[in-house]
Each structure stands twice: as structure tokens, then as C-alpha cells.
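Please work through each task before reading its solution.

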Amino acid sequence: MTEERNTMEGQASMADETVTRVFLGRVRTGSDVHADSTALAVRGGRVLALGDEARALGEVADEVVELGDGLLLSAFGDGHAHPLFGGLESFGPQIKDLTSVDAIVAEVGRWAEAHPDAEWIVGASYDPALAPDGEFDARWLDAAVAGRPVVLRACDYHTVWCNSEALRRAGVRDSTPDPRLGWIVRRPDGSPMGTLREWHACDLVLDQVPAREEAELVEAVRRAGLAYARAGITWVQDAWVEPEMVEAYLAAARQDALSVRVDLAQRADPDRWREQRKQFDAARARVTAEGGPLLSARTVKYFSDGVIEGGTAALLDPYLDAPHSCGMPVWEPRALAEAVCAFDADGFQTHIHAIGDAGVRAALDAVESAVRANPAWDRRPVITHVQLVAPADLPRFAALGVIANFEPLWAQPDPLQTDLSMPRIGAERSERQYPMGELARDGARLSFGSDWPVSSYEPLEGIQVAVTRRTFDGDPEGGWTPHQRLTVEQALAAATSGVAHQAGADDRLALVPGAPADLVRLSADPRTVDPMAIRHVRVLGTWLGGDPTYRAGQA
């Protein structure tokens, strides 16, 4: 896995070789050899010295940063996210944090009135727990906008809610059958309700939406990068990339609109993955040649299944509320294994969305098939989300070298869990969700992601939940499934060195002399504050390859 290392070297070469910065105060190196240090010096985009040697350089440094009661550590990474989608959410109705159907409808109506020339009203991402069973009616949106089509993505991005005009333009009628991969939610009389679940059903409407202009996509990338810099993040795995998105990222790189490194995971389609092999290889070559030091495209993304709250995650045993259903696998397991083997042979890293225990098993089987079929190489496969795992499959992560990428913010009993997921799978399976602690004890590699804009991109929020397994209101007092909690040190490692390992950036595993100077400065040490206050620690600065991308208080 050399592409990320090349990116690191390219970024280091961008830094001013003559500028020396010295940070004085507590430094978490993440190294077993150096442990915490009292100072760190940077020059030429890399760590120059630690401790007394670094402190001595403060007398001749171009800049000295006093950390005070804060902490300097390796910058955070986001091992699974959708930054372009996150940036695009800022262009439509602002519905993400609204807490009722009425509030969403009012915001859609307000935005439509303010944008009379918009042919389609497109927004994201609403909370599916705001309606019973996550089923939303087109007529609710019709009350605000009847003459123009409206389509809103749920926060899980596996469901859309649209108005009657959007259904009409998509040709979705009473007689329209459910597509192979998707469900059209219907009213008792059989008419389409306005909620569409999973790929082919959502695409009935989404395929009708006019394509975004390149300038808008580039601006979305720019906004996403600035948000990440404010959060202390310097590397992101974009985990769902279509061909037009590759073009947008290349344009962003040409226009210097990137402030964070991004690896692009091109999405493999179960219906046409064979023809995609040449396309993905060509896109990887273009990004390597034209994308500059911040962009790579070394990963292929697969969706093994859907989501539990929508009843589409693939389960080994049926859903309690739908005894006839074990969910909706996106790939037949044998076909998934065949595709993973093929792209693995092409030198692509594997990145599989797997949420249900059957989806996770199929993902593990696919990785195992690739390991057996292909010559050994530094493949570092990733299975992401890992919500529900059969106990027999837990040891397979470490045995196969699979990185378990968790979105730790999800490991709490919030309404998405209590109102939708838990009733569908029952108490026993609910207690097995997000097995971070067990996998860590088994010796599996963990990395953290956000799945932004599905959930917050702020790493410290996820770290707090990983450590406490409690909601921000403090429920439950002893923690939900407390045996799955991580220590603060384990959680920090998953968000820093764990993501660096996933990225293939072995020189970024610890802040030691010669390492890239990807840094984040915090207002306090998360290891010493009240665990329920970790999310209140502030990011005061972010440095990418030694250069600042964010400083608190500066524009």
C-alpha cells in the first residue's frame, strides 16, 4: 500500500522547509517507545524532535505554540464518510437537526419559496425515527410543495421520502412492482406512500433529479474539507464514489479546493462489476497522475446489505416484526466473494458495508476467499459499521487481518435504536450490537469513522460514546452494553493510528522524529477529563503536513 505513503511525501514537500514550529506542553506521541512528551518540533512537514531537544529549538523557532492545559496529538482520521454528500447538504433545505415532521415540512416549504427557479427540491438528512416505523407520507410534503417534485434522503441514506409530484415524475404508481433491490412502502390500499427503501427503489426517483453542476460539486468538496479541518481531521475515506464524483474531486484538486487528504472508494455494482474493473483501474490511474498530493483512489466499496432500522440489513434469523424476512442482501454471498477476489487481484483495498450478522458473515467470507485465492499482499481489508456480529464470527476479524471500522457515535440507545432497531431484532441481538470491546480484546484492528453526513463528523463526540456507551443526556447510567466500552486511550488510538493503519500510512502511526506532522491541538486532554465531557473538549488547531489548516479564532 504505497499510494498513501506517496501522498504523505508529496504533502511534506509542499511545506516550507525553512519554517520551524515548536509546541510546548503535553504531547501524546502514540508511541510505546516515547510515550507522552513535553515538547515537539516540526520542520519541513515532519516531526523534527521531541522532549528536551524540541524544547531547545524553541529559542530559534519561527513559531512557538504554548499548549497550556491542552494536548497535542496525531490528527484524527475519518475511516468511513461521504464528504461530498455532506457538503451538498448545505445547498438544500436544512432539515438535518429538525425534531418533528411539521418542522421538516415547514423548512421545505420555506426553501422552495426562497428558490422559485429550482426545478427539484432536494434535501437531506431527516431522522427516520420521527415517524412510526420510519414511514413518511408524500401528502405531508404535498401540503408545503405540490407543484414541484421534492425528494429528501433519510439520515441513513438508504431511504428517501418524496412528495406526490416526485412519485408521478418517476412513474411510481399503484401497479409499480417492487424492484429487485428495494421496497416501495405502501398504504393499506396499495398506493405508494412516499417512502422508498434501498437502491433500486430510491433510484426510481433519484435518477430523475438533474445532475449537479461541477462548480457546485467542487464547492461541496471545499466546504467539507473546511469542516474536517475544524474538527482536527486530515485524512478521510470517501466510502461511496460514483464516476461523476471522481471528476469533481479532480476538479477540486486542480482548483486547490482540498484542505484534507481523501481516498476515493469507488462503488462496485452487483449488476455490472465486471465491466467496472477497467473503469476503476483507469480512474485510479487518473487520480494518481492528476490528483496531486492530497487525492488517491485505491479502494473499492461494496454494500453487503442495508440497515436494521429499515428492515433491510441481512440477518441470520428473521426480524421480529417481519418473521417472513431476513432483510435484503445487496449481493448474493457467492457473487460478493467473486467480486472481492477480482478487485483484490487488481490491487484494490476492500471496504465492505456490513450491518446485519448475515451481512458481516458474507463480508468475512468474501475476504477469506480473496486471501485464499490471491497471492499475499498488504491488503488491509475493511468491514465497516459492524453493527451485529454472530459470536462465532468475532475471532475471524483478527485471524483474517480485517480492520473493523466502527462509527462509535451509533453505540448508544438513542431513538434510532430504541424506536426502530431494537424492536425489530429483540433484546438478545440488541445486546450484541457494536462489539468494539470484544473485538479489541480479540486483537482485531479497530478504526473509527463518522459516516458523515449520516452522523456528526466530530471525532470527540464518537470517542465519548465509545468510552461511555451512553447518550449525551447520560442514559443509561451504567452504560449500554458496558462490556463493549473502550478505554479513552483505545478510542483515541482507533481515531488516529487505527485510521492511519487503514490508510496504509505506517509512518503516521505515532508522532516520532521523521513522522509526517499531521497534528491536532486540543483544549484539554480527553484522558483526564470527565468521560461525559470529552465532546466538550475543543479543537484549537489542525496541521496538515506541518502547515495549519485551522486555528481557533481565525477565519
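**Exercise 1.** Identify the residues that ring pairs link into a cluster.

*Solution.* In this predicted model, the cluster joined by ring pairs consists of Trp273, Phe280, Tyr302, Trp331, Phe343 and Phe348.

**Exercise 2.** State how many aromatic pairs a search of the whole structure finds, and classify the pair of Trp240 and Phe303.

*Solution.* For Trp240 and Phe303, the ring centres are 5.5 Å apart and the planes stand at 75°. Planes over 60 degrees apart count as edge-to-face, so this pair is edge-to-face. Next, locate the partners: Trp240 belongs to strand S12 (residues 233-241) and Phe303 to strand S14 (residues 295-303). The two residues are 63 residues apart, and their pair links distant parts of the chain.

**Exercise 3.** Determine whether Trp240 and Phe303 are buried or exposed.

*Solution.* Buried means under 20% relative accessible area. Trp240 has 8%, so Trp240 is buried. Phe303 has 5%, so Phe303 is buried as well.

**Exercise 4.** Classify the pair of Trp452 and Tyr457, and decide whether each residue is buried or exposed.

*Solution.* The ring centres of Trp452 and Tyr457 are 5.0 Å apart, with planes at 75°; the pair is therefore edge-to-face. Trp452 has a relative accessible area of 9% and is buried. Tyr457, at 17%, also counts as buried.

Notes:
Residues numbered from 1 in each chain as written. Predicted model: local features only at pLDDT ≥ 70, side-chain atom pairs only at ≥ 80, totals over all residues. Heavy atoms only, no water. Phe/Tyr/Trp six-rings, centres within 6.5 Å; stacked < 30°, edge-to-face > 60°. Helix = DSSP H or I, 4+ residues; strand = E, 2+ residues; numbered from the N terminus. Buried < 20%, exposed > 50% of the residue type's maximum accessible area, 1.4 Å probe, protein only.
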